[in-house]
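Okay, everyone, thanks for coming. Let me put the chain up on the screen, and then I'll talk you through it.

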Amino acid sequence: MPESLTVFPPNVDQEMNNASRKAPAVFRRAAILGSGVMGRAIAAHLANAGLDVVLLDMPPKDAPADDAAARNALSIAALKALPREKPAPLFHKDLARRITVGNFEDDLAKLSQVDWVIEAVVERLDIKQSLLSKVAQHLAPHAILSTNTSGIPVDSIAEALPADVQSRFLGTHFFNPPRYMHLLEVIPGANTDPSVVSTMANFGERALGKGVVHAKDRPNFIANRIGVYGMMRSFQLMIDHGLSVEEVDALTGPLVGRAKSATFRTSDLVGLDVLLHVAHNVREGAPNDPEIAAFTPHEKMSAMLDKGLLGQKSGGGFYKKVKGDKGTEILTLDLETLEYRAKAKPRLPEVDAIRQAGGLPKRLIALAKTKKGKGAAYAWELLRDTLRYAALVAPDVTGDVASVDRAMRWGFGWKLGPFEIWDILGLETVAKRMEAEGSPAPQWVLDHIAAGATSFYQEGSTLALTGEGNVAVPVRPDILDLRETPDGPRVVEKNSSASLWDLGDGILGLEYHSKMNSIGGDTIAMTSKAVELAEREFEGMVVGNQGSHFSAGANLAMLLLGAIEGEWEDIDLMVRQFQNMTMGLRRCARPVVVAPFGMALGGGAEVTLHGDAVCASAELYMGLVEAGVGLIPAGAGTKDMYLRMLDSLGPDADPRNAARRAFEVIGLAKISTSAAEARDLGFLRKGDSIVMNADGLIAAAKAKAMAMANTGYTAPPDRSEIPVGGKDTYALLEVGLFNYLEAKQISEHDHLIGMKLAAILSGGAHREGHNPAFVSEQDMLDLEREAFLSLCGQRKSLERIQHMLKTGKPLRN
């Protein structure tokens, strides 16, 4: 079949459209073949999703037949490595218990007990075929078999399998690291049963938390095909325009909506050898690719490969970290000499002008309009060529425009996919410019323009890759987008920092959308309106958003300005309003479900703590981090953390133990590295939900709010008799802080912050003649506010706030 006519197997397109309406498959056990970096990382993520996993690899040649430990040495070593790896592949260290080990010679019979087998061995067709031909003999009749190949044709691997197994065989291409990279490419072979494709897509989305795209069985599939083209092309254009490594990374990172690692830091992370191997796959497997020359390495790249300058894995690639007198220094490779030199700051005046244009769409428009400067010329040419290449190969690698955009966003960290960018710049405008510059757009694009199309995306559909008509945007299961559509949610009210949404079915949504979703006056005001409106017109409320993070906390810049100016009454009012906001959520007569994800720090954590229930993303970095900026949580966070610890210890709990546990979490500014850890730290309760796919959080939280409303809901009363340890608690914490100070493990200012916390957690026992046994919530709120205001007047606290605002990192002074 000619390359340009490659299609999905019959009926797969229909199955894909029906996938979102099917019940998710139940996979309880899986096996991973290959315990290398990718294999063990996939095993870890399946364990994260609740599966029991068998991890198999080759037995060493000299391992005795009766020594299981020796024969399983590779998989045992891989399992032991998981808890030490960074970034952590497991949500929680205890999840490693879900993984058992074995080898290919002694343990293939175990495969008869699993629901899904994933092959992740070395990228050699002969090795994959040899292993899978043996594996096929042990598969359960219902089990699905897949390959994690990054470029070998699925049908070529399938040739080693019997027909009945071929119908259950497909490609499932995870991106590294699997826990953190959202993309999962699902690639059916010619004989794959369409129901297997939809089953795997559903399981990937719902159980594994992935963004699934359906790819055709073409070299490198979608994301690597386009992404590696862009990286190879960027190198050639760098040479053509006489730019440096640093200048290219300045032009190909966040400026144009790409990852901070840009081009060459990404190459160093992936490995130059891997990058060139993926390029080789295209040259070998798609010799008629319209831009095949771009996949031939430049001679300087080949020289780097020969010299072993592969990147992070070899100690240096385009960049190299070295230790010097001033600490760690990053050097840059001089491509002329292949020797390292001091890293130079890019000097591209036109980039500064583009950056000042505003948000990403405005920056892209400014880039397209900038006519001066070699940096702008380079960036436009690379952008133009990447958009054109995506359009050239899209019909060959997938069935629709949206899948290309999703693949690049989820697999390469682009903020916008190529066709989304093209729409921003203007469909016809870009096509005309391409033609004028000697790089005409593909015929299918020109056919749509001739028919009157003005954008790739219409309402719920995209331009068809055939050049005629539209196709529906693939539907994802259990996703509720916060964007206005005729049949979707609608905005009820908004200001610069927050919006209220009618989510349907009687549920109100409160969305933050300030910078980093920080909480300031507008956010507080809209939250108060949300509570009022929910009680008057709705059955429940969801607090969540679909930005990069839930909330980085309170607006520190406003606080710093007020403290410098000595506006203590204003700061006191600010803290009271924040406390009223969080307590308003707690007191709301309708159920409030909070949907945190990413960073939920400081005030963001305090909002989360005061929901009636939480639907948290599995990727949740939550913490009361105020001590890091010289303060204490004063938005009711210290109070609520103490209550959680007290309640978790049971009705006869010793308040001193509750205070000690809350003190450790708050005083050490502990941050969870997952929702599972957040539960360990006390930020989440047993009844709170953890959602694998962050894109489904709003829908899950809405369903939870509806369920709470339908089963009858009553707001919890304020607590008026909270047991506290009084002087005993205060003395316990005071002694601990003194010991830390004497051992020089904390600074004098840390000690001061700790004593302020001790005052709150003891119920105010720092006051002379005061030894309370019980306090109210309001008493603790007053103590929080008192401690916060006193710390705001400390010079070292202000230094910490300034340092955080400037560097994004805590200062220990």
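Predicted model: local features only at pLDDT ≥ 70, side-chain atom pairs only at ≥ 80, totals over all residues.

The chain has 32 helices and 25 strands, and its C-alpha atoms fill a box of roughly 90 × 70 × 65 Å along the principal axes. So how does the radius of gyration sit against a compact globule? For 813 residues you'd expect near 28 Å, and the chain has 28 Å, so the two agree.

The contacts are worth a look too. Take those between residues at least 6 apart in sequence: 70% of them join residues at least 24 apart. And 56% of the 813 residues count as buried.

Now, inside. In soluble globular proteins, nonpolar side chains tend to be buried together. Here the largest nonpolar core has 109 residues, and Val 135, Phe 419 and Trp 422 have the most contacts within it. Helix α16, residues 374–397, gives the largest share of that core, 12 residues.

What does Val 135 touch, leaving aside neighbours within four places in sequence? That would be Leu 33, Leu 108, Leu 111, Val 117 and Leu 145.

And there's a second, separate core of 98 residues; Phe 578, Val 592, Leu 609 and Ile 801 are among them.

Definitions and conventions: Residues numbered from 1 in each chain as written. Heavy atoms only, no water. Core = buried A, V, L, I, M, F, W, Y, C linked by side-chain atoms within 4.5 Å. Buried < 20%, exposed > 50% of the residue type's maximum accessible area, 1.4 Å probe, protein only. Helix = DSSP H or I, 4+ residues; strand = E, 2+ residues; numbered from the N terminus. Contact = heavy atoms within 4.5 Å. Rg over C-alpha atoms; globule rule 2.2 N^0.38 Å.
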